[in-house]
Amino acid sequence: MEKIVEMNNIHKQFPFVKAVDGSRFDLYKGEIHSLIGENGAGKSTMMKILYGMYEIDEGEIIVNGERVTDGRYTTHDAIAHGIGMVHQEFMLVKEMTVLENIILGSEPTKKGSRNVVIDFDAARKKISHYIENYQMAVQMDKKVMNISVGEMQRVEIIKALYRGADILILDEPTAVLTPQEADKLFEILDIMRRDGKTIVFISHKLKEVMKISDRISVMRASKYITTVNKSETSIPELATLMVGREVFLNLERTPAKEGEVMLDVRDIYVPSERELSKIRGISFQVRKGEVLGVAGVDGNGQSELGEAVAGLRRIERGKVFLDGVDITNRSPLKIRRQGFAHIPEDRNDRGLNKKHTFAENMLAAEIRDRPYSRFGILHTKKIMEEARARSERFDIRPRNPENLAGSLSGGNAQKIVVARELGASGKKFLLAAQPTRGIDIGNIEGIREMINDAKAEGVAVLLISADLDEILSLSDRIIVLYEGRITGELVNDGNVNEEELGLLMIGGGKND
Amino acid sequence: MNVSLGFVLSKIFTYSLVHDMLAASVPIVLACMCAVISRQVNIINIAAEGIIMFGCFFGVMVSYFTGSWLLAVLVSVLLGVLISAIMAVAYLKYEVNIFVLGLCINMIGTACTRFLLQVIFKTSGNFVSEKVVPIPRINLPFLSDSPVLSSIFSGYTVTEILVIPLVILLWFMLYKSVWGLQLRSVGLNEMASYTSGIDVNRKKLVALLLSGAFAGLAGAHLSLGYSCMFIENMSGGRGYMGMAAMQFGAANPIWAALGCLLFGFSNSVANRLTPYGIPNQFVTMIPYVATILILAISVISQKIRSTRQESSLRKS
């Protein structure tokens, strides 16, 4: 087989981390090559380098026999070399239509208009060819903000094919799909392989990797580990290669107690910029000492639900009670004073102030109270003492509370948030939104244990997560959100069927 | 009192107000296009005010020394491009805050033209000369029988007539051309544009240069078309009014230009009020009060619209 991509001795340094440290990667024509590794291992960075998004500090990239890194190598050049990438965070202009997004940067023009006027008809024709060929339905005239996440992914794939991609890089494509949608994606990838396309599949879900790959490359801690043939390896071997030790993500779940109702959500309606994310009348209760998991494909109103309960988004109708107190449309501060703890879904945007220190972040919620301040003057010594104590208790590394929050790894940064929310006394309720998104396995274990411990101490927990494994390992009960409504409720007795959950996640519920 | 109020109103709201309103709108429309183009690449460019001042002064100066209005307009436009190029380098390459840059240009624009007025023309306050050749006006002789039609359709300067195709062309380029789709995508989602193979900084540079050209043209028109003189501070907030109209029209050139008519209207009404004993301070305030009102109305209506659209109670 013909080798079409070679990346050798790649180095890339970011402000606080060495993202890629002397790594390598290669591609043979017509293969599906999986690149696996933990969050933060450098997989995405490595592929973004191949797509021309980052300049490398050292190393070489050879595409179709040409050393592209001899000159300046940009995304524009990568596209010209037939490389396309579907990013984990979709690169779509949400205010524009699907059609405009697909042709952006490669617009066909009307004859005789000197490449000025866009020929939308020609574009439509070309796009319907891909839609039929790969059975990827998209609504060309809808604005991207009004389509589902699964459809956005199809738009991204068509966008890459439209640009003439022969090499398609998919960054964690199944993270936003239900199990059924993922199977459908694999069928599409299979057809593409038969058509002679080459595919890079970035993932850490080993079951899927074993299902579709020809070869598998492993990265760990910014370094290249090895490449193996699918036929010569197994899931346990891959897991060990990936993490560097054996992995047990089997949390001993504390059984739920029959406590009193702590959070009572009564028929709430919540607005959203996206049509599919509007909450349209949902009710549920969370009891003391239990975890209620909210499952669903991203973008079906999970974020809106979390924000509404936390006082960050207006509730248009309905009521929310916390321990009997009406907290509907109260300010976040007032809600927090009722014993509300919140791990926000976006750690970088809302969870932390990366330019402040570890200690300042950890005590941000209590800093206006004694003993951390008196008459508005900060008591730095007390703050440092407490921050150090909590960094021990929640195992945050490195321990130095004077470090900037931005210098910590994703997992340790998230632990600061957890320590801030659960370290203070008097917490009755925890809203944990995507608590382990994008962090490494060691810290995932740690954070899940912290949430389980909080529950065991009697805190009521509402867990919102797109990760089904997480929902199943922590929750006592599960509700499924689809287009802003609850499509089903299950008791997590250990016999919950993933297929059944998947069906509820695409709206096929008993309530219909 | 009632009689005199009616008299004043009848003197103000006459058919000739249409011509005055259109003429007063044109400098604001040009300034507004400066704001529109930069807004489309997500840059809040406040430098129109300063570039207009340079355009005004150099327009008068070049016209005075060469006797060519066309050369004067060209120099002002190129000067606008040059100033924008300096801003673009500072903003895109050295990442200086665009607001600070705009503020600097505006302060320099006022001070520098005042200084040049003293050095070159040895005068202060204003400069009028018969040697300054204005932008020619196009009269339509076949309308001269009807004073109303003639007032409304005749006697506009070349630049005033040119403004209409310019706005339409800009709208067409922004919404129907490859260039415009890419430009707007840069403003809406930079990362998505970059990963689509678009050179984001290049698009921003082009947008800034074009916006400078519009502001330069606005300046030359103000001192050679709308009037025929240079006055210190003669831009009089038109750059900012253009920004307000841009906001009003949500950065769409045609809606924004229509918004400018409201400013043209308030400007010309204010001009007509002056002789009727209303305190001057009050009269000069009118265009600025109009700015605040128009901004408030456009922001509130946009807010209402988005709230309605985002509501979960609305049937989809």
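1. Two residues are taken to be in contact if their C-beta atoms, placed from the backbone, lie within 7 Å. The structure is a predicted model, in which local features need pLDDT of at least 70 and side-chain atom pairs count only at pLDDT 80 or more, while totals for chains, interfaces and linings use all residues. Residues are numbered from 1 along each chain as its sequence is written, and chains are lettered from A in the order in which they are written.

2. Between the chains, the contact takes 31 residues from chain A and 22 residues from chain B. On the chain B side, the elements giving two or more residues are α8 (178-188) and α9 (190-195), helices being DSSP runs of H or I with at least four residues, numbered from the N terminus. Of these, α8(B) gives the most, with 6 residues.

3. Within chain B, the axes of helix α11 (residues 238-248) and helix α12 (residues 253-273) come within 8 Å and cross at roughly 130°, the axes being lines fitted to C-alpha atoms over the stretch in contact, with angles from 0 to 180 degrees between N-to-C directions. The contact is made by Met241(B), Ala245(B), Met246(B) and Phe248(B) of α11(B) and by Ala256(B), Gly259(B), Cys260(B) and Phe263(B) of α12(B).

4. In chain A, the domain assignment, which is automatic or from a database, gives domain 1 (3-243) and domain 2 (261-354 + 426-505). Their C-alpha centres lie 32 Å apart, and 15 residues of domain 1 are in contact with 16 residues of domain 2. The elements of chain A that give two or more residues to the domain 1 side are α5 (149-162) and α6 (179-194).
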